[in-house]
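Colleague: I would like a close look at a single part of this model. Please take the charged pairs, and then follow them out to the helices around them.

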Amino acid sequence: MAKLNKTYNILIRFAILVFTFYFLYEQLFYKHDLSSFLKSIEAVTRSKNFVLLSVIVVLLLPVNLLLESLKWQYLMQKLEHVTMAGAFKAILAGITASVFLPNRVGDYLGRVFILKKADRWQATLATILGSMAQLLTTILFGFTAVVFFLPRWISPDSSLNRWASAGLVFSIFVVSAVLVFAFLNFSVFSVLLKSISGRAYKKIARYAEVFSWYSVKELVYVFLISIVRYLVFSLQFFLLLRIFQIHIGYLQAMMVIGFIYLLMSIIPTIALSEIGVRGSVSLYAFGLFFGVTLSEGLSRTIVAASSALWLLNLALPALSGLFFIFKLRFFRNNKNHEH
């Protein structure tokens, strides 16, 4: 049985390797005009502060990954001791497996299957809790961006429009407060499951209890890491806009970027791995911001900046994660290790 498990592990790892390479190759050489992107890069290499800004953008990548590693390591401490190096490998492996799978399922596979002893369903639920914190952060910043865009969508030239705007802002505030309160009190979900499942609770108790493991203080810590991480990759996007000569202030850029990420959180997540989808969403958001039809040159630079962010934060980590795919154990024997 141990030999069979080892064979299955190797086959699945190899499949992930092949599909990742195929997906990235298809995105770069078939679904995206790589030559146009390279021309855009060449055009801005002589711009002021190009080298400095590029170095900062690249250095922010490991910061982004380390923050996510820290968050996952913190959540996993209830199940199994994971070193920071182990968490970093798990994050990279997760990105690798997620680029071609729907709904970021691969993100959980890459992380959970690197664990040695922990119950995988419990680990998955704890990982989902971290993803919820990141999604909540995206929604809150996105809602702030929506408030910023409201005057562009609803002209305040009549009392009816002003009341409509005020109602929307109030609704956004209430929804935001409810979402934050619900996340920080997620332990109540375990109690709710127990009350509605009755006798069946015994079968799911070990999994339902996962949500009660984390105190409000611990969830606040996870939420704060998510916020800092959001600010890091948003800063990357802003700096890339400056590199590609898109002149926009930081606060204005944060509003547009917040709206972009909010839209991306709504789109079916398998599409988010596609470079073209990200570029299209960015064009739509910037078109709303500028309030005019974007010129061909501006559209090209916005897509180039979005593509550069995709290459840096998704393609590069996915390729790096290939080195750790062979540490994943999809099948364990009774002793929780391979022979």
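Modeller: A salt bridge here is a side-chain nitrogen of Lys or Arg within 4 Å of a carboxyl oxygen of Asp or Glu. Keep in mind that this is a predicted model. The structure holds four salt bridges.

Start with E218 and K78. They form a salt bridge, with their closest N and O atoms 2.9 Å apart. The pair links distant parts of the chain. E218 sits in helix 10, while K78 is in the loop between helix 3 and helix 4, 140 residues away. The two ends differ in cover. E218 counts as buried because its relative accessibility is 14%, under the 20% cut-off. K78 has 34% relative accessibility, so K78 counts as partly exposed.

Salt bridges that share partners also join E68, K71, R111 and R229 into one network. Take E68 as the way in. E68 meets K71 in a salt bridge between side chains, at 3.2 Å from N to O. Both residues lie in helix 3, which covers residues 50–76. They are three residues apart, about one turn of the helix. In general, an α-helix has 3.6 residues a turn, so residues three or four places apart point the same way. Side chains of opposite charge can pair when their charged atoms come close.

E68 has a second bridge, to R229. There the closest N and O atoms are 3.3 Å apart. E68 lies in helix 3 and R229 in helix 10, so this pair ties together parts that are 161 residues apart in sequence. Both E68 and R229 are buried.

Now to helix 4. R111, a member of the network, is in contact with A90. Beyond neighbours within four places in sequence, A90 also contacts W72, G110 and I114. A90 lies in helix 4, residues 84–98. A90 is buried because its relative accessible area is 0%. A90 and I325 are 235 residues apart in sequence, yet 8.8 Å apart in space from C-alpha to C-alpha.

Helix 10 leads on to helix 7. The buried residues of helix 7 pack against helix 6 (120–153) and helix 10 (216–243). S165, I172, S176, F183 and L184 are the buried ones in helix 7. Helix 7 runs over residues 159–184, 26 residues in total. It reaches 38 Å from its first C-alpha to its last, close to the 38 Å expected at 1.5 Å a residue.

Which residues form a nonpolar patch on the surface? They are F170, F173, V174 and V178, with about 430 Å² of accessible area together. F170 lies in helix 7. F170 is exposed because its relative accessible area is 58%.

Note on methods: Residues are numbered from 1 along each chain as its sequence is written. This is a predicted model: local features need pLDDT of at least 70, side-chain atom pairs count only at pLDDT 80 or more; totals for chains, interfaces and linings use all residues. Side-chain values use heavy atoms; hydrogens and water are left out. Helices (H or I, at least four residues) and strands (E, at least two) are DSSP runs, numbered from the N terminus. The expected span of a helix is 1.5 Å times one less than its number of residues. Buried means under 20% relative accessible area, exposed over 50%, partly exposed in between (1.4 Å probe, protein chains only). Contact means heavy atoms within 4.5 Å. Patches are made of residues with over 30% relative accessible area and no salt bridge: like charges are joined within 9 Å, nonpolar side chains (Val, Leu, Ile, Met, Phe, Trp, Tyr) within 5 Å. Accessible areas come from the Shrake-Rupley method with a 1.4 Å probe; for residues, only the protein chains shown count as cover.
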